[in-house]
Amino acid sequence: MLFLMELVITLLLLTTINTASSQPQINLLNQGCSTYNATNLSRFFGNLNGTMSDLRGQLLNENRHFATAQQARSSDPVYGMVQCRNYLSIRDCVACFDAAVSLIRNCSAANGARVIYDGCFLRYESNSFYDQTTLPGNVGLCGNRTVSQATNFDTAVNGLLGDLQIATPKISGFFATSTRQIAGSTVGAVYAIAQCAETLSKAGCLDCLTVAYSNLKTCPPEADGRAVDAGCFLRYSDTAFFPDNQTTNITPFLKSGSSSNKKAIIIGSIAGGVGLVLIVILLLWYKILSNKKAAQRGNMPGATELQGPATYSYKDLKLATKDFSEETKLGKGGYGDVYKGTLKNGDIVAVKKLALDSSIAEATFESEVRLISNVHHRNLIRLLGCCTKGPFLLLVIEYMVNSSLDKFLYGEKRGTLNWKQRFGIIFGTARGLAYLHEQFHPKIADFGLARLLPENQSHVSTKFAGTLGYTAPEYAIHGQLSEKVDTYSFGIVVLEIISGRRCNDVEATNEYLLEDAWRMYENNMHLDLIDETLDPNEYRAEDVKKCIEIGLLCTQSPVSSRPTMSEVLVMLLSDPSEQPRLPNRSMPMELYKKAPEDSSISTGSSTATATTTSTFTGR
């Protein structure tokens, strides 16, 4: 009865406010309910009602456009978040919120739900989600009305959205609106908004808007488009949808500046030697798997249920991998070998046998694994657990059924990846690394493979471990670790993806790939580097050239001249004519001609676990 009375009151309030409201913008864009229900309905509905009441009170009584609230002192907790577009009046904001509450109640006892309108966003979960950025279920929604002067409109839209993507994370409150005149038109203009949840970090906001911008790039010449995600909202239109006096001056935030130095999060490589991340490797087909998971949960961006890492017995993993036999071996890298394992319950996993000193403190290893196991990102493989009760330290990670990237680039499946798929790999890798370097930084600063080495030094190690060719010179020669080591490895992988060549294979040209790429770049022979199996009709030469130059930018020395991964994301999405700077060759190429004397260096090939993809659009 109490629930029905509250619903009736909410509807009455909604009717009253909407009658007098000028612009609540209650146009439904996306909604969803978790397929998991609360266990104690009485406590759940009490917590839900309390959370919704608290959120509404903050909006109405504190004149806010963003609020979080939670009732989490008993079972079936409820964490809630609401965000209105800042150009709405408080009255319109509350009207939008009330409409969302009314609709979200249709999810009944679901322990997670969300509603997204043009004017506001409402979500609740059974776990805290306030720092989530981009998750499975993010969507781009294009209109169905095409504008005239399509080329000029497209240029205006992409230029404006690109600027908002860069500026908004730098603006207090993560909100910006802006307009841009359409070239050749005296009256036509583009109107756009970018907004992130205020609980995100700057890097998290940039990551989310980068994905949103990517989702909208194909919308023009449609007259309007929206991108919605767990942590941000991006919209454009040829019709004004916010008042003129609400426009943000974003020009001061578009000026480039030096980024502050951060502690590195070097996590190494799991599946063998690319030196990108220890716990996670980019997947091409991971988007498909994420799509399936999202569908099982109501196709909503979020609905998380964080769990700690599982503890596996050495006996079970030994049995699962047939005693770590060559038959089950998936790959070999500088930090150890990876094996395919079939557990007793039938689950298939990948088991990484770390080539680290087993005398390392067991508690330290387990605590670090516990932290990293809750990393969630669409481009990162999930760490499932570990084993410390045997002769080796073992990591158990998701097994990807679609084989490894090297097979698609220069193995039995060579020639099956087109340019769109290859660019998707490059972009997804950059996005995953940017997440690890910047958004996840406050949570696990100092976690990394270097911390697990015998020297127990987070940033400088005297012992090299990795795969020659993928590893930055400052680490291979001097043992110096920073996030720019990952940037270097990323650049090498970009060149491999474009050329279809292994970085340390010299049979074809008598030169290592990086040296060959620099020579071609300096002689303006970029196109000679492109994999001959690619169809020239399926890519634009300037797009591939831009990616080659980004790859070379990432391999420069000194370390400070390499871009951050967030900057790489911006460059990948920019127009080739807007490339901010060109690479300057300053690499010590002798590194690739003579390996350091340290016998721990691996010259093995990469077996990075990456697979092919299709674009995930969600609902």
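**A buried lysine, an enclosed helix and an antiparallel sheet**

UniProt, in an unreviewed entry, places the feature "binding site" at K353; UniProt positions follow the numbering used here, feature names are shortened, and annotations may be inferred rather than shown by experiment. The model is predicted: local features need pLDDT of at least 70, side-chain atom pairs count only at pLDDT 80 or more, and totals for chains, interfaces and linings use all residues. Residues are numbered from 1 along each chain as its sequence is written, and side-chain values use heavy atoms, with hydrogens and water left out.

K353 lies in strand β14 (residues 348-354); strands (E, at least two residues) and helices (H or I, at least four) are DSSP runs numbered from the N terminus. With a relative accessible area of 17%, K353 is buried (under 20%; exposed is over 50%, partly exposed in between; 1.4 Å probe, protein chains only). In helix α3 (residues 90-104), 14 of the 15 residues are buried, so the helix is largely enclosed by the rest of the structure.

An open sheet is formed by 5 strands in the order β6-β9-β10-β8-β7, with antiparallel pairing; two strands pair if DSSP finds at least two bridges between them. β6 (139-142) and β7 (175-181) stand at the edges, each with a single partner strand, so one side of each is left without a neighbour in the sheet. β6 is joined to β9 (residues 224-228) by 4 bridges, and G140 stands opposite A227 in β9.

Helix α4 (residues 150-167) packs on this sheet, touching β7, β8 (189-196) and β10 (232-237), where contact means heavy atoms within 4.5 Å.

Note on methods: Axes are lines fitted to C-alpha atoms, for helices over the stretch in contact, and angles run from 0 to 180 degrees between N-to-C directions.
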